[in-house]
Amino acid sequence: MSKGTVVLAYSGGLDTSCILVWLKEQGYDVITYLANIGQDEDFEAARKKAESLGAKKVFIEDLRSDFVEDFIWPSVQANAVYEDRYLLGTAIARPCIARRQVEIARKEGAQFVSHGATGKGNDQIRFELTCYALYPEVKIIAPWRIPEFYTRFRGRTDLMEYAQKHGIPVPVTPRAPWSMDANLMHISYESGILENPKSHAPADLYLMTKNPEDSPNVPDVLEIEFKNGVPVRVMHVKEGKSKETPLDIFSYLNEIGGKHGVGRIDIVENRFIGMKSRGIYETPGGTLLLKAHLDIETFTMDKEVRRIKQGLGIKFSELVYNGFWYSLECDFVRHCIAKSQENVEGKVQLSVFKGQVYVLGRESPKSLYNEELVSMDVQGDYDPCDASGFIRINAVRLREHHRLQGSSGNKQ
């Protein structure tokens, strides 16, 4: 008798294929679900593999447009960066994947969902917090946290033996000596030979970006147009080529950024679960958008509003990294950020060249830049005499500190 139906987040790889068969061994009916979020994958082969291993149903969902519009665009509006460098390519993908997993579970009457995330990483948290937020009564089966599973499969050799015993096709190509996660936003690399933080990344590691040394000797100049803080059009200035749908815009920015080796980082970061990990990331399109959005935002947004919004962007990044996309506080922060973007509109021109992004200029109908007011050559509506009082008022506390607590001129 079946213990119930479980929707398994399935990749077609060795781990989740073994999990599929193992769940069946435990007495569950298994529905596999594979999300297309822009990774290079043979989806039809994965479907056939899941069916041959006994999946009750197989769902392959094209979520690329959803991923860009519902997850990447809010992150662009927020200038989302975790710990000053990481653009959150994996972190924003997990709630996108889990949202559809829950929708399928509800539709199919499945009481359980399952995933192949490890017990040490962030992804287990991101998947499960999303599932609980959107399907509170769901039960989660996380094999890599079940002693019966992880003591049986202590490494890849155990998985390979299990696969051969149960007729699971095993990879015929040698496995890369690191773990990789790819989507439309980025590719991440960690574990294996990368666990020594001193080890340099091998030259053949990067798949999304060219080595800047080998990139073209002529820059590409792009014009990115924003409305409400999200890109609505990108144009190649020299070629006149333009893209206007969200998925096309982001894919094209990935193409140009990747061609010039833009968006590579190698960092040690703090996982939510409490340990440090070394990760290498390449995020070409996201890096171009971060540079362009920062520029048009500063051009069109009030100074004090932007200062508050900067703090909200940091908070948003931490919430997303930690798995709280579908939380009350993250929903509130997203709404505040979206409100701040109402006048973030205009065009930014960028030069993309040899791993770098250079802002060339910008224009906006909502600009707060007053050329006459700021000019060194035109007086404009400004009386320089007013600056004397402004400076004296700001100096009051400095002078009082010096008078009452001693000289502030001592060398520090």
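This is a predicted model: local features need pLDDT of at least 70, side-chain atom pairs count only at pLDDT 80 or more; totals for chains, interfaces and linings use all residues.
Guide: Residues are numbered from 1 along each chain as its sequence is written, and side-chain values use heavy atoms, with hydrogens and water left out.

Visitor: What makes a space a cavity or a pocket?

Guide: On a 1 Å grid over the protein atoms alone, a cavity is a set of points where a 1.4 Å probe fits but cannot get out, whereas a pocket is an open set with protein on both sides within 12 Å along at least five of seven lines. Lining residues have an atom within 4 Å of a point. A search of the whole structure finds 2 cavities of 30 Å³ or more, a volume being the space filled by probe spheres set on grid points joined across faces, edges and corners.

Visitor: Why is the largest cavity said to lie between the domains?

Guide: Domain 1 (5-175) and domain 2 (180-363) both give residues to its lining, so the largest cavity lies between them; the bounds come from an automatic or database domain assignment. The volume of this cavity is about 90 Å³, and its lining residues include Ile-72, Asn-79, Met-185 and Phe-250.

Visitor: How many residues of each class line the largest cavity?

Guide: Its lining has 8 nonpolar, 3 polar and no charged residues. Here Ala, Val, Leu, Ile, Met, Phe, Trp, Tyr, Cys and Pro count as nonpolar, Asp, Glu, Lys and Arg as charged, and the others, Gly among them, as polar.

Visitor: Which helix gives the most to the lining of the second largest pocket?

Guide: That helix is α10, with 6 residues; helices are DSSP runs (H or I, at least four residues), numbered from the N terminus. The pocket holds about 330 Å³ of space. Among its 15 lining residues, Asn-79, Val-81, Gln-310, Gly-313 and Ile-314 are the closest to its centre.

Visitor: How are α10 and α11 placed relative to each other?

Guide: Their axes, lines fitted to C-alpha atoms over the stretch in contact, come within 10 Å and cross at roughly 145°, where angles run from 0 to 180 degrees between N-to-C directions. Contact means heavy atoms within 4.5 Å; the residues making it include Leu-312 and Phe-316 of α10 and Val-333 and Ile-337 of α11.

How values were computed. Helices (H or I, at least four residues) and strands (E, at least two) are DSSP runs, numbered from the N terminus.
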